[in-house]
Amino acid sequence: MSLWLSHPLFLPSLVIGITILLWATSLLPEFITALLFFTVAMMAKIAPPDVIFGGFASSAFWLVFSGFVLGVAIRKTGLADRAARALSSRLTDSWPLMVASVVLLSYALAFVMPSNMGRIALLMPVVAAMAKRAGIKDGTRAWYGLALAVGFGTFQLSATILPANVPNLVMSGAAEGAYGIHLNYLPYLLLHTPVLGWLKGALLIVLICGLFPGKPQAPRELTPPEPMSRAEKRLAWMLAVVLVMWVSESWHGIGPAWTGLAAAVITMLPRIGFISGDEFASGVNFRTCLYVAGILGLAMTVTQTGIGDAVGEALLHVMPLDPQAPFTSFLALTGITTALNFIMTANGVPALYTTLAQSFSEATGFPLLSVIMIQVLGYSTPLLPYQASPIVVAMALGKVPARAGMLLCIALALATYFVLLPLDYAWFSVLGKL
């Protein structure tokens with residue numbers, strides 16, 4: 001026991017373990033847990049300050065921040081209600097149709113907009129306005145279902161599109177850096193879309209309709225919509241420029257976070273922008289910003305302290321990886337990514353798993369590229385909301401309680417592992433990847 005207490009990983013593991021436990025159980029508000037992590041980690045000196053507070057320097061943090069600011073502007077100018085008016089006239093005839101339209105819109109937008117947070121920031125005020133027009137009130141189970149449809153549809157389904165979320169980009173960078181493997185857009189899309197895109201999207205729609213029932217009412221258009229105001233037109237043009245900048249990132253090299261931040265700053269400028277200082281203070285959820293910074297900082301701390309490497313090596317020795325049992329090996333590799341998701345969150349899993357892929361390939365007999373690809377199912381299927389920051393942000397924007405998010409997380413994870421995992425294995429086999 002004394003040897004373990006003196007181990008250099010004991011204190012970091014204790015701090016990280018308690019933080020994860022508090023987030024998983026919601027014993028404290030998430031932002032307070034994040035602040036406790038920052039405090040204890042600094043007092044215990046488990047990592048350098050630039051690692052512990054590294055979440056504040058992350059592009060994901062600034063995408064969250066700018067997303068809140070843009071969302072306030074979209075709602076204030078009336079642009080959200082105008083978009084909702086156009087959508088609700090066609091997509092609110094039934095609850096399944098409404099849920100399916102939100103999920104499909106979240107997924108379709110991933111093909112043209114590379115940022116999960118950006119998509120959520122644009123979609124949430126529009127979906128909120130659409131729900132209001134269909135008679136779905138805030139704080140109801142039906143509204144929770146729509147808000148979760150945005151978060152889950154945005155994060156989980158976009159894992160099938162290579163440049164559409166952060167974990168994919170981390171995996172791509174790690175594969176190229178460690179093995180010189182360059183992932184290509186279309187082969188990646190073909191490998192993952194049928195099962196983790198289309199079938200998982202269908203499962204998500206069914207689960208939301210079952211767990212969060214609702215009865216939308218077709219809105220009555222008593223008066224025609226007013227012409228777009230000057231503020232709406234200006235904001236629409238600015239958002240169009242932002243969207244073009246996001247889509248063309250590979251050409252100009254400016255990350256989505258900094259494009260979004262520039263738009264957020266313009267939005268707040270006196271006389272030029274769209275929101276006042278009071279509207280900024282009341283509309284931006286700083287609690288969620290702190291929470292996201294805490295998640296990202298914890299993932300960086302896990303990597304820097306060596307906890308992730310230790311856990312990965314331990315899993316390598318205990319998981320049943322056997323060339324004679326390919327399905328069991330496929331299941332075990334998915335289980336490894338699921339386990340790593342608890343301590344590193346989705347953004348951190350590919351950085352560690354990909355570096356261990358060569359060992360996994362030798363132990364299973366699978367091709368190296370296939371071993372790298374298997375992790376997508378695991379990191380794109382969180383068991384708890386805190387493992388995927390875009391889902392956390394969607395829940396915060398929609399004021400969805402932790403219990404509702406956990407319920408859908410667990411239900412979709414169980415459905416994915418029991419239904420989609422065998423189908424994913426079969427699809428890998430059909431394509432000759434195993």
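Which hand does the crossing of H20 and H22 have? The crossing of H20 and H22 is right-handed, where right-handed means that the near helix is turned clockwise from the far one by less than a right angle, and left-handed that it is turned anticlockwise. This is a predicted model, in which local features need pLDDT of at least 70 and side-chain atom pairs count only at pLDDT 80 or more, while totals for chains, interfaces and linings use all residues. Residues are numbered from 1 along each chain as its sequence is written, and side-chain values use heavy atoms, with hydrogens and water left out.

**Helix H20 and its partner H22**

- Helix H20 (residues 368–379) and helix H22 (residues 402–430) pack at an angle of about 155°, with their axes 11 Å apart; helices are DSSP runs of H or I with at least four residues, numbered from the N terminus, and axes are lines fitted to C-alpha atoms over the stretch in contact, with angles from 0 to 180 degrees between N-to-C directions.
- That angle makes H20 roughly antiparallel to H22, a term that applies to angles over 145 degrees.
- On the H20 side, Ser-370, Met-373, Ile-374, Leu-377 and Gly-378 meet Thr-416, Tyr-417, Leu-421, Asp-424 and Phe-428 of H22, where contact means heavy atoms within 4.5 Å.
- The residues of this contact of H20 with H22 divide into six nonpolar, three polar and one charged; Ala, Val, Leu, Ile, Met, Phe, Trp, Tyr, Cys and Pro count as nonpolar, Asp, Glu, Lys and Arg as charged, and the others, Gly among them, as polar.
- Because 11 of the 12 residues of H20 are buried, H20 is largely enclosed by the rest of the structure; buried means under 20% relative accessible area, exposed over 50%, and partly exposed in between, with a 1.4 Å probe and protein chains only.

**Helices H7 and H11**

- The axes of helix H7 (residues 95–109) and helix H11 (residues 185–211) come within 9 Å and cross at roughly 145°, and H7 passes H11 in a right-handed crossing.
- Among the residues that make this contact are Trp-95, Pro-96 and Val-99 of H7, together with Thr-193, Gly-197 and Trp-198 of H11.
- By class, the contact of H7 with H11 has 11 nonpolar, three polar and no charged residues.

**The nonpolar core**

- The largest nonpolar core has 141 residues, and those with the most contacts inside it are Trp-143, Leu-146, Leu-333, Tyr-353 and Phe-360; such a core is a set of buried Ala, Val, Leu, Ile, Met, Phe, Trp, Tyr and Cys residues joined through side-chain atoms within 4.5 Å.
- H22 gives the most to this core, with 12 residues.
- Leaving aside neighbours within four places in sequence, Tyr-353 is in contact with residues that include Leu-333, Phe-360 and Ile-374.

**Single residues**

- Most residues other than glycine have a negative phi.
- Arg-271, in the loop between helix H14 (256–268) and helix H15 (277–283), has a positive phi near 70° and is exposed, with a relative accessible area of 84%.
- Lys-399, in the loop between H21 and H22, has a positive phi near 55° and counts as exposed at 70% relative accessibility.
- Ser-389 lies in helix H21 (residues 389–397) and is buried, with a relative accessible area of 6%; not counting residues up to four places away in sequence, Ser-389 touches Met-117, Val-292 and Asn-347.

How values were computed
Helices (H or I, at least four residues) and strands (E, at least two) are DSSP runs, numbered from the N terminus. Angles under 35 degrees count as roughly parallel, over 145 as roughly antiparallel, 65 to 115 as roughly perpendicular and the rest as oblique.
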